[in-house]
Amino acid sequence: MTTRKSDGTVRLVLCCHSIGPYHAARFRALGSRLPDFAVVELASTQSLYSWGAEEGAAYRRLTLFRGSLEEADPASMAAAMRSALDSLAPAAVVAIGYSHRAMRAASRWIRRKGGLSVMATDTWNERRRRTYPLERLKGAWCRWAYDAVFISGQLGAEYFAGLGVPRSQIWRGCSVVDNRYFSERADVARQDAAAERRRLGLPEDYFLCVARFSPEKNQTTLLKAFREYRRRGGAFDLVLVGGGPDRPRLERFVRESSVEGGLFLDWQAYQTVPVLMGLARAFVLPSLVEPWGLVINEAVASGLPVVVSRHCGCYPELCWKGINGWDFDPRDPDELATILTRLSTDRPRLLEMGQASRSLVTAMSPDTWASAVQDILEAGPGGAGGGKEGPMRGARGAVSRAGTSKADG
C-alpha cells in the first residue's frame with residue numbers, strides 16, 4: 001500500500017511528540033483505512049518514556065530532531081515543522097495539543113492553507129485552579145485554530161464545550177492502547193503463573209500500581225491506605241512499579257511507617273507490563289492529576305479490576321463502580337483501604353470484575369481510534385453539523401480497497 005500520492009504529498013499529517021507503542025498501534029489501524037498519511041514526530045525520544053524505535057512502519061515517518069524532546073529548541077522545531085508540512089502539502093493536519101510551539105505552528109500552517117485543522121488531546125479541567133483570562137484565551141485559540149477537537153472522553157468533552165467549542169466539532173476516543181497485545185500476553189502469563197512469579201520475584205496475591213514515582217501520582221496515599229488495609233487483616237501485597245524522583249521518599253516512608261508487604265520494582269519494559277498485570281489481582285491508580293491514564297486501558301484490557309482516582313480523566317469510561325472496580329477520592333486513604341479490603345475478600349467477584357473490564361474496553365481500541373479519525377476527516381470543516389466536504393469525502397471506496405489490499409499482505 002502506498003502512503004503518499006505520486007507527487008510525494010499526502011492527504012493527512014499526524015503530528016506527535018515521539019512515537020511509542022500506543023501511537024504505533026493506532027497508526028497501523030489507520031493504515032488499513034486511509035492509504036495516504038504521514039506522521040511527523042518532534043523528537044525520536046522523550047526523557048519520561050523509554051520507548052524503543054518502531055521497526056518497519058507501513059507509513060511515511062519524519063523525525064524533526066534525533067534525540068530527546070527536552071533537549072530540542074522549540075523555535076527550531078516549529079520552523080522544522082513548517083518546512084516538513086511545506087514538503088508534504090497535506091489537506092488535513094492532526095496536532096497533539098497546543099502547549100508545544102511546534103504543534104501550534106502545525107495548526108497555524110494548515111489554517112493558513114485552508115485545510116482541515118484537528119487537535120487531539122486528553123486535556124480536561126483536572127480539578128486544577130484555572131484563571132478566567134487564560135481560559136478565555138484558550139477558548140479563543142481553539143475556536144480559531146481547529147475545525148475539530150479529538151478528545152479522550154466525557155470529562156474532556158465537557159471541558160472543551162465550556163471553552164466554547166461546538167459539540168458538533170468534538171469527537172471522543174483518542175486515548176487507546178493495543179488491547180489485544182495486553183489481553184493475550186496477560187493470559188499467557190496466567191497459564192504459567194507460578195513460574196512467572198518466581199522469574200520476576202513477585203508475591204502470589206498483590207495489588208499493582210504502575211506509575212512514575214512523582215508527587216502528582218500520589219503513591220503516598222496509596223501506601224497509607226495499604227498500611228491501613230494490612231492493619232485490618234488484609235493479606236494481599238502491593239507492588240509499585242516505576243521510576244522517578246519520588247522513589248527515595250516513598251521507600252523511606254515504607255521503612256519509617258513499618259508498611260509490610262510493599263515491593264518496589266524499577267520501571268519495566270513494555271513487554272513486561274502485561275505479565276505483571278496478568279499476575280496481579282487488581283490495579284490501583286491514585287493520581288492527584290491525571291489527564292487520562294492509559295495504564296488503566298492496559299489494566300482493563302489485561303482483565304483486571306481497577307481502583308481509580310476520581311482525578312483521573314479515564315474513570316467515567318473505564319471504571320464502573322461495582323461492575324469492574326471502584327473510584328475513590330485520592331486524598332482519602334481510609335476510603336481506599338476499605339475498597340482494597342472489599343476486593344481481597346471476594347475472589348469470585350475479582351474474576352467477574354476482570355471479565356467486565358475487558359467488555360468495557362472493547363469500545364476503545366486502535367480500530368475505533370482510526371474510525372473516529374476517518375469520520376473527522378469526512379465530516380470536514382464545521383464538524384458533523386457543517387456542510388463543507390472533508391478531504392476524504394467521496395474517497396471511502398478507494399480507501400476501503402487500499403485497506404483490504406494491506407490486510408491481505
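Start by selecting helix 15: ten of its 14 residues are buried (under 20% relative accessible area, with over 50% being exposed and partly exposed in between, using a 1.4 Å probe and protein chains only), so this helix is largely enclosed by the rest of the structure. Before going further, know that this is a predicted model, in which local features need pLDDT of at least 70, side-chain atom pairs count only at pLDDT 80 or more, and totals for chains, interfaces and linings use all residues. Residues are numbered from 1 along each chain as its sequence is written, and side-chain values use heavy atoms, leaving out hydrogens and water.

**Stay on helix 15.** Color its buried residues: Pro 366, Trp 369, Ala 370, Ala 372, Val 373, Gln 374, Ile 376, Leu 377, Glu 378 and Ala 379. Helices here are DSSP runs of H or I with at least four residues, strands are E runs of at least two, and both are numbered from the N terminus. Check the length, too: at 1.5 Å a residue (times one less than the number of residues), helix 15 should span 20 Å, and its end C-alpha atoms are 20 Å apart, which agrees. Just past the helix, click Gly 380, which has a positive phi of about 75°.

Select residues 21-31 alongside 366-379: the two axes come within 8 Å and cross at roughly 60°. Axes are lines fitted to C-alpha atoms, for helices over the stretch in contact, with angles from 0 to 180 degrees between N-to-C directions. That makes helix 1 oblique to helix 15; under 35 degrees counts as roughly parallel, over 145 as roughly antiparallel, 65 to 115 as roughly perpendicular, and the rest as oblique. Now show side chains where they are in contact (heavy atoms within 4.5 Å): Ala 25, Arg 26, Phe 27, Ala 29 and Leu 30 from helix 1, with Pro 366, Asp 367, Trp 369, Ala 370 and Val 373 from helix 15.

**Jump to helices 8 and 9.** Select 219-231 and 247-257, whose axes come within 10 Å and cross at roughly 20°. Helix 8 and helix 9 are therefore roughly parallel. Look for Gln 219, Thr 220, Leu 223, Lys 224 and Arg 227 of helix 8 meeting Arg 249, Leu 250, Phe 253, Val 254 and Ser 257 of helix 9.

**Zoom out.** How many helices and strands does the protein have? There are 16 helices and 13 strands. Buried residues make up 56% of the 409 in the protein.
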